[in-house]
Amino acid sequence: MNQNTDLLTLRSVSKSYGTVPVLHDIDLSIKDGEFLTVLGPSGSGKTTVLRLIGGLEPLTSGEIRLDGQDISRMPINRRPFNTVFQDYALFPHLTVSGNVGYGLSVRHVPRKEIARRVAEALELVQLGRFTDRFPAQLSGGQRQRVALARALICQPRLILLDEPLAALDLELRRQMQEFLKSIQREIKTTFLFVTHDQEEAIGMADRICVMQAGHIRQLGTPHELYYKPNCEFVARFFGENNLVAGKLGSVQGELRSIETALGRLVCSIRDQPHLKTATDGASAFAAFRPEALHLADAKDTENRFSGTIADMAFAGSSTVATITAGADHAGQRLRLRMPSRVDGSTLKSGATISLAFAPHEGHLVLA
Amino acid sequence: MSGTGTIPLAERRWSLLVTVLAFALPVVFVLVPLAIFLGYSFFSVDQGTIVHTLSLGNYVRFFTDPIFLPVFWNTIVLCLSVAAICILLAYPAAYFLTTLKGRWRYALLMLLLVPLLMSYVIKIYAIRSILGLNGFLNKALVGLGILQEPSTLFVFNMNAILLTLTLLLIPFAILPIFLSLERIPQVLLRASDDLGASGLQTFLRITLPLSLPGVASAASFVFVLAIGDFLTPQMVGGISGFTFGRILYSQFGTAYNWPFGAALSVALAVVVIAAILVGERFGRNRGTAI
């Protein structure tokens, strides 16, 4: 397995249902052995991408290549991919071992080998004791793991996961996230994971592909998406963010200024050449994370402005202040996140405070 | 919370009345008549009047007289055959229905069920005219050169009963099979494809086993309806097509031996109840929820 070779490539793939287009000219490369998450709100076309790759639906145009070979028209049962379906789709009339061994038994693998590999797969997903149970006798998390074992037993080149954690409660979902990630590391198989939950995406993915309205908006590591979103949609969708509209100003090395209702702000444009070349006066947003915003002190010479605390919300490990800023301390809502302290915050609703964020912690997105 | 204390007395009386009625109606109208019938089977008839002394005579006669047991057995075999043929014909039809999209599916299903709205007797007459010596079936077979001359194979014998019952009861087989096929989540079939199964493998390993409950209830439906039928054998069976239903019918009619008829009904009821229980046993889905 080499993380740098492409396993699967989608080239200008489009899909329409009747006259309704759902995917527009998608280009996407999946690297061998990576955990790639396709993230998007409902209706973004993320599940369609998975269904096209899995062969559950035909392409309208474009092509899908596996190791350079066009597989766009290969029937579903010949593709070396397996899917973990959203509602698991376990066969209710087969036992756990019957379900897990299904892919081998339809390929006429000898019984003894099936038994051995089923036992291995169930061991891997920690379900060794449940071989003779029926799916109806299992909990949600257990069914999930049976579905995973069933998909990976055929040693597919790629495992497709369609929002597999959506039906689980929060605690179980967290456990399953770690579990999936550790299994992926252990078997070194490429995972394509579809979800609408960005927290899930950040926690598991090597790379994330953000989709919206049938387009890929950005593809990158969770870190890149979080700190260098390339458009307003990603900046707003991916994690909590403060966006302040304005007009681009001058470039000073790796920083660029922007004129906003909060005054002149300076943000990083490092590794983002399109922001360096954008014309002066172009509409853009200054974006900074709630945790980057802090109470200004003497060291803060740039990006200083004042605001009024509208609300304080205790959220366990952190406390979030909602702040109104801009002209007359209205019109611009901001969030400030700070670590919680046992003796409570000194900030109170209604107080006027001076705020700042460091230039390298702010970024710009074109409107 | 003191639940019962807050409900008004009148309301409680009312709900008690409803409960009593819900239990009383089936008892009065179903169980009591059945019990009376069971009682009758232990009576006997002497010169046209019923003798109300209990005896096992009727049952002894049923088991020892060389006439009844063979007819009883032949009728069961006949009805099992009807059920089997109905399933074999109805399954492909129901399967085809589930492959249709939206409106067409239900339009065609309704069309297949239309015969249920027609009078039973008229349907038998119609089928008899198809099967008869100068009927459509014979004319077609002769016309196609399969037969030299019209055959009496299809009328007034066991074959005629078999064919007629099959035709009459097929809708009762299609419906449960269709419903069980339709209930199979499509995603299970996709999952089977995804795991590398061919179309035939998916059918044999997923679709067929998951539709077996429907097949079982269809079979028990058809069997029960066929075995209770005396009209069809009467009208298309002639002399050689003698079924248990006809014997039973004659005990209440020409023979005027209600107690013996009641005993024969009890024997039939045992078979019917057994068929329903078997159908119910296999009709239950193993671990339905997914």
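Is Tyr227(A) buried, exposed or partly exposed? In this predicted model, Tyr227(A) is partly exposed, with a relative accessible area of 37%.

View 1. Tyr226(A) has a relative accessible area of 17%, so it counts as buried, the limit being under 20%. Look also for Arg289(A): its charged end sits over the ring of Tyr226(A), 3.7 Å from the centre.

**View 2. Arg145(A) lies over the face of Phe179(A).** Here the distance to the ring centre is 5.8 Å.

**View 3. Phe230(B) and Tyr249(B) form a stacked pair.** Their planes are at 15°, which is under 30 degrees, so the rings count as stacked. The centres lie 4.5 Å apart. This pair links distant parts of the chain, 19 residues apart: Phe230(B) is in the loop between H9 and H10 of chain B, while Tyr249(B) belongs to helix H11. Phe230(B) is partly exposed at 31% relative accessible area, and Tyr249(B) is partly exposed at 42%.

**View 4. Four residues of chain B gather in one aromatic cluster.** Its members are Phe37(B), Phe252(B), Tyr256(B) and Trp258(B). Over all chains, the model has 21 aromatic pairs.

**View 5. The largest pocket has a volume of about 430 Å³.** Of its 17 lining residues, Thr98(B), Thr99(B), Gln186(B), Leu189(B) and Arg190(B) are the closest to the centre. Helices H3, H7, H8 and H9 of chain B each supply at least two residues of the lining. By type, the lining divides into 6 nonpolar, 6 polar and 5 charged residues.

Notes. Residues numbered from 1 in each chain as written. Chains lettered and ligands numbered in written order. Predicted model: local features only at pLDDT ≥ 70, side-chain atom pairs only at ≥ 80, totals over all residues. Heavy atoms only, no water. 1 Å grid on protein atoms, 1.4 Å probe; cavity = no way out; pocket = protein on both sides within 12 Å on 5 of 7 lines; lining within 4 Å. Points joined across faces, edges and corners; volume = space filled by probe spheres on them. Helix = DSSP H or I, 4+ residues; strand = E, 2+ residues; numbered from the N terminus. Nonpolar A, V, L, I, M, F, W, Y, C, P; charged D, E, K, R; others polar. Phe/Tyr/Trp six-rings, centres within 6.5 Å; stacked < 30°, edge-to-face > 60°. Buried < 20%, exposed > 50% of the residue type's maximum accessible area, 1.4 Å probe, protein only. Lys NZ or Arg CZ within 6 Å of the ring centre and 35° of its normal.
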